[in-house]
Amino acid sequence: MLPKMKGRITWRALALGAAAWAAMLIAPVPAQAEYGDVVINNYADAAGMRPAVFSHWFHRVRFRCKVCHADLGFQFKAGGNKITMAKIIDGKFCGACHNGEIAWSVENCGMCHSGVPGTPTHIHGSTAQTLVAPPHQPLLAPAAAPAPAPKK
Amino acid sequence: MNWHKKTLYMSCALALFLAGSACSAQPQVTARPDGSIPVMDLSYAPDYKAVDEMAQSDVQVIHIAQVDDINSFNRNLKKPKGVHLPPAEDGLRDPQNEATHILAAPKPAFEGLPPTEFGNRVDWVKTLDDKKVRPRWEKEDPDAEPFVMDLDIVRPVKASVPDVVFPHRQHTEWLFCSNCHPAIFIPQKGANQINMSAILLGQKCGVCHGKVAFPITTKSCRKCHSKPKADDWKPPLSEVTLKNPWK
């Protein structure tokens, strides 16, 4: 049935071809999270936690933009607020509501720290992100590179 | 085996064969586990001293979007395959994290909200006007009323697109004056230089539009460019043209 060619080459090409089609069908698709989801990874990865993910859609159904961006002082910039756990426990930023009174409190680590490890700080689906090619290196080199040191 | 089936099998085999050949034509360089490239056969260039040019970088390179396929069509306009995927499938959250599976999913939450074709695919202004959701204006007080100001600012655009109307009402339903004035906009009609490039790069209106408020897509132009030009509108002449004595 198969074309009569040098047997090994034919089979190799067929196997590679099958692999290529399979790869095309099961290739990882880019993240398809909700527009406005923010990944905050200033310190989390370096500290061995998953990055925190904030979803705007969930919060804007419950609060107007003003509550966080005027009253609580959140800047309009992903990662621009230098949020740390100490500040949250102190009642600042997320801690203004995630205190067990308005919303569940900080024991629920995994609810916020749910990002895929290694995801950089960014706003998902932003227009600039879809139009501008990303920098190949993070603008600010992290103090401690999260990649494990090669074993020698 | 009949003729049709044979043709089908043969064309499948041909497709596989062509794809395979195309793949195998790529240079056969496989990186070693530590990221370096194996030493090449350099017998044809005895004077050349091989150096391992792929040094281990000390900064982990992070790619936000994949830019390796430089010549593919519309490579920056990836079409989403699904909308409103649950957190565990959205690619941003880690399905191996237990709590990911108890996070709220957008699809049931958006049911019954007025739809749009961009962003969250929800018309948030209409949602609020129709009182489909009741987001709080004060953190602790569910009854506090927003400080709404109804003032439209028309910004005539020199290009032939419809003029821009900036509506204060819809914005002050969600935001407070201090969110925009004076950091983003001087509160004076026409005092701010705004253009599309700045907006697309995330400045001026783009501080919010294109990140959380509805994005700039070919389907959303008319939300901002909403005032049609007068019938007798003509594009303004540039200063150079006006000064040109040969005009």
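B:Pro182 sits in the loop between helix H5 (177–180) and helix H6 (196–200) of chain B. Helices here are DSSP runs of H or I with at least four residues, strands are runs of E with at least two, and both are numbered from the N terminus. The peptide bond that leads from B:His181 to B:Pro182 is cis, with omega near 0°.

## Before we go on

This is a predicted model, in which local features need pLDDT of at least 70 and side-chain atom pairs count only at pLDDT 80 or more, while totals for chains, interfaces and linings use all residues. Residues are numbered from 1 along each chain as its sequence is written, chains are lettered from A and ligands numbered from 1 in the order in which they are written, and side-chain values use heavy atoms, with hydrogens and water left out.

## Two residues with positive phi

Most residues other than glycine have a negative phi, and most peptide bonds are trans. Now look at B:Arg121, whose phi is near 60°, a positive value. B:Arg121 belongs to the loop between H2 and helix H3 (124–129) of chain B. With a relative accessible area of 31%, B:Arg121 is partly exposed; buried means under 20%, exposed over 50%, and partly exposed in between (1.4 Å probe, protein chains only).

B:Lys131 also has a positive phi, near 55°. You can find B:Lys131 in the loop between H3 and strand E1 (152–155) of chain B. At 54% relative accessibility, B:Lys131 is exposed.

## A buried aspartate

Is B:Asp94 buried or exposed? B:Asp94 is buried, because its relative accessible area is 7%. Its place is the loop between helix H1 (3–24) and helix H2 (106–110) of chain B.

The side chains of B:Asp94 and A:Arg50 are joined by a polar contact of 2.8 Å. Such a contact is a pair of N or O atoms within 3.5 Å; within protein, one must be able to donate a hydrogen and the other to accept it, and residues adjacent in sequence count only if both atoms are side-chain atoms.

## A sheet in chain A

Chain A has an open sheet of 3 strands in the order E2-E1-E3, with antiparallel pairing. Strand E2 (52–55) and strand E3 (122–123) each have a single partner strand, so one side of each is left without a neighbour in the sheet. Strands pair if DSSP finds at least two bridges between them. Strand E1 (residues 37–40) of chain A is joined to E3(A) by 2 bridges, and A:Val38 has A:Ile123 as its bridge partner in E3(A).
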